[in-house]
Amino acid sequence: MTIQFNDETFRDDYSFYNSERAIKRFPFPFHEDSYMYSVNMEQHRGGPADSVYEKRFDVDEHYVAEMRDRAMVLADDPLRCQSLPHMTLAGWDLLELIMVSKSEDYPDLFELHRDGNNWRWINKPLGIDDSFVFLDETTLPYGPMEYITRQAQGDFCVLDQRDDNLWMDAGMVTTQADWSLDFDIGMNFFEWHAPVPLAHEKGIFVRALKFLLNIQQGAPARRLNWTMTVNPLLDTSPENYHKWGIQKTTLTPENIGAKQHLRVELQTFFRLPRSNALVFPIRCYLCSFQDIMTVPKWGRRLHRVIRDLPEELATYKGFIDNRPMMLDYLKNFDDGQPTSAGIWPDLETEPSLAK
Amino acid sequence: MSGAEKIAVTVTDIVPLNDLVTRFEFKRTDGALLPTFSGGAHTVVEMQDGDITRLNPYSLMSDPMDQTAYTISVRRDDEGRGGSLFMHNNVAVGDEMVISYPVNLFSLDLRARKHLFIAGGIGITPFLAQIKQLERFNGHWELHYACRSESLGSYVDELTGHHPNETHIYYDDQDQAIDLVSLLDGQPLGTHVYVCGPKGMIDWVRKTAADEGWPREAVHYEEFLAPQPGKPFEVKLAVSNKVIHVGEQESLLEAMEREGVDAPYLCRGGACGQCETTVIDYTGNFIHRDHWLDDSEHASGQKIMPCVSRFEGKTLVLDR
Ligand code: HEM
Ligand code: FES
């Protein structure tokens, strides 16, 4: 299958768009009509054909534009990519994981040729053809983690595992939902999760950490998380809050369908073999309200979820002020009919909106 | 599914090292490469011993970057329930076996300026892989290795031959002992200590290090417990709605598996915490043998680790 890469931007004129195919495969994050934090983890071993779950690292029509946006963020702020000295081996592990996965899963786009430690990597969409020596940093233009994550969609946290905890000791974070690698670097699982409301009390983080510490080689896992973003911005970082925070006030009943985006993170977890570290790729998918409304089931459900979401969560996710305007818009797409279980669009079986 | 992913392998070499220890080499049966791993990792080897499936963990001792073969060393335990005897007596070159993907519960702390290894007997095996890993990246390490006697000193010649400056050997039968206090005292800042060997040695190193003011995070240890035989007992499994009998020679975990109950596990040696099970009701005494639960949890009567721990008494009801 060939992918047509969009020529689009995630800033200034916001020419980002989703094709019909991208809308259909959007990872809608609600499997029922309400939402609360839970230890929502499952194995990451493929999924339905052409879904975002199918490949180990999903590559889609936004690939080239996202990588261009990442390069701009890094040019302005190099601290978005950091790796403590003991994490270099984990960086090589990650480079190998991504190169092997992408060349096997998308052979028409990526090629990896290995002769012992002499590797050649071809990335056709980005026009890269590099030869280097595996485990020899001097043969790459960047450290191994930075090199490969400049060519992979989504943010990456690389966690060292020691003392029965995970430590955020390396990462490439340019498409985040309002948190900062520079602030969190060196923190452990409980420290970086401290700002999250309600989940600590429910014991979610203690159980989630136990699960993560036991993720083994060859058995990756995944979960979905979500938030809201006005305008299709990838870089909603605290560092740039002064630029994007204000845009939340530009929402009007006329433009909300186009401007308001549901932001979904496909989070995966892989054990890295040589370093015993854990990598946590956070892949961000954006979809405008008006595009989501083309799927009747999603329209009904999004209205119910946003209406009933606890205030603490709407506040933490940063849309409490805009919630009334969202509901005014969304209620037009909820005719009160029941919805089928699960996240899939079910276009053939779910009824269209009753007028 | 319980446990780590599986790999089908063929036994490609068997080398007896001395009276007690034999080395086994595995290659993938399909001819493909094995996964790389990190020094300190183990694999769980499945043994089909008549009707019984035995699953024993063994540290991987080969070079972690060598994807063509894995090697393990197995010490014969004449008193144990038979896993090591099966490996010694029933396994031949060419046999096909199933092993798990590597799992590491004893990994190097890569922040350490220096790695100080303390091994007792067969506890040398994880260090052999860690040393190979560190050598590749010019890591700084030192090994202190206690063996019963010269004739039982597995891999002593290889270690002293390749790494004469880093390796220090102590023979019990020559009354040589590690002078632990001065050894710990003389270490540079940023050293991490790792111990693998019999329980007494692990306790001694941990206690001495604590007394000498070493931070807990700088002291790493691994002891695989083999499940011990014991008096038979009965267990009621509330979720599966079954009453099962645990025989003298099997563990509670093995008995559940025999009865088709999908019970979680990883290390099968009381170290990883995966098999932790809630006790719903009991009258009697637990024989806790794991390293996972702390003393107060052991005393509480609310949890049991079925891979190594047993029970003596009238009733035991588990949430499984
Ligand atoms: C090691 C992997 C993980 C990393 C690196 C990570 C990182 C983060 C970070 C940086 C935040 C933002 C906190 C802030 O406001 O500053 C966050 C939020 C959160 N995390 Fe994690 N996390 C991980 C795994 C998990 C897992 C397994 C769960 C499972 C339940 C989880 C649940 C949450 C929740 C519920 C939030 C709040 C998100 C929201 O409401 O938008 N995290 N995480
Ligand atoms: S299986 Fe690891 S503690 Fe029981």
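Select H7(A) to begin, since the shell around ligand 1 draws its largest share, three residues, from this helix; helices (H or I, at least four residues) and strands (E, at least two) are DSSP runs, numbered from the N terminus. The model is a predicted one, in which local features need pLDDT of at least 70 and side-chain atom pairs count only at pLDDT 80 or more, while totals for chains, interfaces and linings use all residues. Residues are numbered from 1 along each chain as its sequence is written, and chains are lettered from A and ligands numbered from 1 in the order in which they are written.

Next, display the 22 residues that surround ligand 1, a residue being near a molecule if its C-beta atom, placed from the backbone, lies within 6 Å of it. The closest are Cys157(A), Trp179(A), Pro195(A), Ala208(A) and Phe280(A). Elements giving two or more residues include, in chain A, strand E6 (155-162) and helix H7 (204-213).

Now select the open sheet of seven strands in chain A, ordered E1-E8-E9-E10-E6-E7-E2 with antiparallel pairing, where two strands pair if DSSP finds at least two bridges between them. Its edge strands, E1 (42-43) and E2 (81-83) of chain A, each pair on one side only. Within the sheet, E9 (260-271) and E10 (278-288) of chain A pair in the antiparallel sense over nine bridges, and His261(A) has Ser288(A) in E10(A) as its bridge partner.
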